Amino acid sequence: MQFLTSSLLELITQTSTNLPPDVRAVMAQAGGLETPGTQAAQALEIIAGNIDTAYEDEAAICQDTGMPTFVVHAAPGVSQLAIRKAACEAVAEATRRGKLRPNSVDSLTGKNSGNNLGTETPIFHFEQWEEDEIEVKLILKGGGCENTNTQYSVPCDLGPLGRADRTLDGVRKCILHAVWKAQGQGCAPGALGVCIGSDRAHGYELAKAQLFRTLDDLNPNPELASLEARILEEANRIGVGPMGFGGVVTLIGCKITAANRLPACFFVSVAYDCWAFRRLGVRLDATSGAITGWLYRDPDRPVEKLAKSEGFPLTGREIVLTTPLTEEAVRALKVGDVVLINGEMYTGRDSVHTYLMKNAPPVDLDGAVIYHCGPVMLKEGEQWFTKAAGPTTSIREEPYQAEVIRRYGLRGVIGKGGMGAKTLAGMKESGAVYLHAIGGAAQFYAHAVEKVLGVHLLEFGVPEAMWHLRVKDFLTIVTMDAHGNSLHAEVEKATAEALAGLTQA
Ligand code: SF4
């Protein structure tokens, strides 16, 4: 099968860079639903522009390209080993080209393999079928939304929603609770795959498999179809909104299946995917491996631009700050301010924060801004270039952030999804702010990087290293200020109240 590797490389590239038409259609619609001028509307505008840029430049929509998961259907006699080998070669090549971020980390040593290959990565599901051709589906689902997957063992108590029983209404409550619990951390608006029943492990697998359904399909089971529609309508009444900023677009899809269960068990497994809902598929000639057709694509529907204007329209009310930041400038900021950062900043996420708790930083962080980001970087000659650089979920640094701010004099933390009470108190005490970038907008932010000035701690792997960047007009929104105010805490409280109003069957 001489074309197999190149066909799978094309599948990976297209999946990472061009959202399927059903997702594009829903995101285009979402853009018109939020009130113009709100943070939610701004987030959707940036997302729309990011989707366009990724398509035009054939670049990763989001820097987190997840754990590539292939679902393969092949006739008996087709070599699964050949397909696996070709897919691994394609994954390594896509990583080398910057279409995938090196995401495969040894769980014991912490070492990143650098090419997305390693024990049980990528993930394969092989199934036989009676057709002549091979079908390969691929989903790229990043860590932020993967961390918001959840599973309920029913009956259970769901706080504002009360008790969930072993009924469809109990299932409804679990799903709404999962949406509320995710807030903006999975880069809302999101889409859900849900499995009712099965055992714990298979339930999660079946939930994720629901993400291969298109957002506009109709569940053949009328009861589940009606539950899906109800969840979509109710979840969008809770008010989490894009990025958890508050708003009307929280969920863009909900797909539910049911599987038999043990008498003693009743699980509701929820797979949360973000707006950067990257799934695609191909049909391949079983002899040559050449692509004979695309799944989820509509040849009659050309890719249309999503953004209403070129670039992000600025209002003139933005606050422009140049790093290093002073305490005075930071204390003058308040929740809701839109801030454009110019100058130098450093990336730092899980490994860097753990390191900084035990070791002095390799650079002076006094007045600095740290960016929770695991970028896609490529080296050309001696120079590194930023290929994708959206924010990662900040809450993972909650155990460390306040101490890192206090110890080293950081004035700004850029990330997404917000942080908790400990960081908020630390920011008030030390004089620092949380600056929310738009989750998944990896091209938007990569274009704000003027130059990669250097890299420290590269032994942690590309996503976890401390990258030294020079940025221009790097757009953020203050969502936690130095006066103890947090948009995230406000939205969580308001949405809990809205959730409590949905207890009725
Ligand atoms: S859009 Fe957000 S949740 Fe989705 S993969 Fe990117 S960073 Fe993760």
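**Close-up views of the predicted model**

**View 1. The ligand sits in the largest pocket.** A pocket is an open set of points on a 1 Å grid over the protein atoms alone, with protein on both sides within 12 Å along at least five of seven lines; a molecule sits in it if more than half of its atoms lie within 2 Å of its grid points. The structure is a predicted model, in which local features need pLDDT of at least 70 and side-chain atom pairs pLDDT 80 or more, while totals for chains, interfaces and linings use all residues. Residues are numbered from 1 along each chain as its sequence is written, and side-chain values use heavy atoms, without hydrogens and water.

**View 2. Residues around the ligand number 13.** Those that come nearest are Cys 62, Cys 145, Cys 187, Cys 274 and Arg 278; a residue is near if one of its heavy atoms lies within 4 Å of the molecule. The shell has six nonpolar, four polar and three charged residues.

**View 3. Helix H2 (residues 21–30) passes helix H3 (residues 39–57) in a left-handed crossing.** Their axes come within 10 Å and cross at roughly 145°. Arg 24, Met 27 and Ala 30 of H2 make the contact (heavy atoms within 4.5 Å) with Leu 44, Ile 47, Ile 51 and Asp 52 of H3. By class, this contact has five nonpolar, no polar and two charged residues.

**View 4. The loop between helix H4 (80–96) and strand S2 (123–128) holds Pro 122.** A cis peptide bond joins Thr 121 and Pro 122, with omega about -5°. Glu 120 lies in the loop between H4 and S2 and has a positive phi of about 65°, although it is not a glycine.

**View 5. A cis peptide bond joins Ala 188 and Pro 189.** Its omega is about 5°. Pro 189 is found in the loop between helix H6 (168–182) and strand S7 (190–197).

How values were computed
On a 1 Å grid over the protein atoms alone, a cavity is a set of points where a 1.4 Å probe fits but cannot get out, and a pocket is an open set with protein on both sides within 12 Å along at least five of seven lines; lining residues have an atom within 4 Å of a point. Ala, Val, Leu, Ile, Met, Phe, Trp, Tyr, Cys and Pro count as nonpolar, Asp, Glu, Lys and Arg as charged, and the others, Gly among them, as polar. Axes are lines fitted to C-alpha atoms, for helices over the stretch in contact, and angles run from 0 to 180 degrees between N-to-C directions. Helices (H or I, at least four residues) and strands (E, at least two) are DSSP runs, numbered from the N terminus. A crossing is left-handed if the near helix is turned anticlockwise from the far one by less than a right angle, and right-handed if clockwise.
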